[in-house]
Amino acid sequence: MRVDCLTLFPEMFESPLSHSILKRAQEKGAVEIVLSNIRDFATDDYKKVDDKPYGGGPGMVMMPGPVFDCFEHVEKLSPEKGRVILLTPQGQKFNQAKAVELSKEKRLILISGRYEGFDERIRTGLGAEQISIGDYVNSGGELAAMVLIDAVVRLLEGVLGDEDSSKDDSFSNGLLEYPQYTRPEVFRDMKVPEILLSGDHGKIAEWRRKQSLERTREQRPDLLEE
Ligand code: ADE
């Protein structure tokens, strides 16, 4: 998979992309992540990328020119068409099902905004879909883009060491994950549930399923309704 990130702050991506699973995924060639700075496509001496909203109101709006020029440059870097996504609180809420859907694409082109938002013609003119990572407002779309990349890339084949290790993740079966324990068997008087030490895999699976359901009912009843 190829992921292009269009942003005013490419440096923000550097640390998350150079550690742990995202680092390994790139080293293995499962994903190529390419950062492009929208400001490089500003056309005036001040490198202006935003302006006041028509009709008045607070804040600044990202101008279409630099974003379109950056997009058209990036688009030509690879023959694959790519799915174009704007990160914005106005988008559809991101979830595991969306991550699975996006993990099947050959190319994603992610556009992160700053300021009060994008000139609407960016969305309509680029035919972009909009994704939000939750019902709150971040200072820009960069963190959202990184959240999306992380959730998608760990699903790509060969990225996680054990092929099974995303199978039991929370949400992968519509439920929250069951509780996990590791050594020691007793920690500050708190014991690991006996069943997990029993070696009876059938019973363990049944216990985990029950725990998953119970936890989901307690913490996220909305998931059960879905
Ligand atoms: N930009 C600012 N807040 C955001 C959010 N919640 N999701 C996606 N992009 C954003």
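Predicted model: local features only at pLDDT ≥ 70, side-chain atom pairs only at ≥ 80, totals over all residues.
Is R220 buried, partly exposed or exposed? At 31% relative accessibility, R220 counts as partly exposed, where buried means under 20% relative accessible area, exposed means over 50%, and partly exposed lies in between, with a 1.4 Å probe and protein chains only.

Good morning, colleagues. Residues are numbered from 1 along each chain as its sequence is written, and side-chain values use heavy atoms, with hydrogens and water left out.

Let me stay with R220 and turn to salt bridges. R220 pairs with D222, and their closest N and O atoms are 2.8 Å apart; a salt bridge here is a side-chain nitrogen of Lys or Arg within 4 Å of a carboxyl oxygen of Asp or Glu. D222 is itself partly exposed, at 32% relative accessibility. Salt bridges with shared partners also join R83, K98, E101, E105 and E129 into one network. By the stated rule, the count comes to 18 salt bridges.

Helices (H or I, at least four residues) and strands (E, at least two) are DSSP runs, numbered from the N terminus. R83 counts as buried because its relative accessibility is 16%, whereas E101, at 34%, is partly exposed.

A further salt bridge joins K48 and D51, with the closest N and O atoms 4.0 Å apart. Both partners are partly exposed: K48 has a relative accessibility of 31%, and D51 has 32%.

I now come to the ligand. Which residues come nearest to the ligand? Of the 13 residues around it, these are T88, I133, G134, Y136 and N138; a residue is near a molecule if one of its heavy atoms lies within 4 Å of it. Strands β5 (83-93) and β8 (129-132) each supply at least two residues of this shell, and β5 gives the largest share, 3 residues. By class, the shell holds 7 nonpolar residues, 6 polar and no charged.

A nitrogen atom of the ligand is 3.0 Å from a backbone N or O atom of I133. For G134, the corresponding distance from a backbone N or O atom to a ligand nitrogen is 3.2 Å. For G140, a polar backbone atom is 3.4 Å from a nitrogen atom of the ligand. The protein covers 96% of the 260 Å² of accessible area that the ligand has on its own, with areas from the Shrake-Rupley method and a 1.4 Å probe.

Finally, the surface. F9, M12 and L143 form a nonpolar patch with about 240 Å² of accessible area together; such patches consist of residues with over 30% relative accessible area and no salt bridge, nonpolar side chains being joined within 5 Å. M12 sits in helix α1 (residues 11-17) and counts as partly exposed because its relative accessibility is 31%.

K167 lies in the loop between α6 (142-153) and β9 (186-187), and its 53% relative accessibility makes it exposed.

Definitions and conventions. Polar contact = N/O pair within 3.5 Å; in protein donor to acceptor, adjacent residues only side chain to side chain. Nonpolar A, V, L, I, M, F, W, Y, C, P; charged D, E, K, R; others polar. Patch = residues over 30% accessible without salt bridge, like charges linked within 9 Å, V, L, I, M, F, W, Y side chains within 5 Å.
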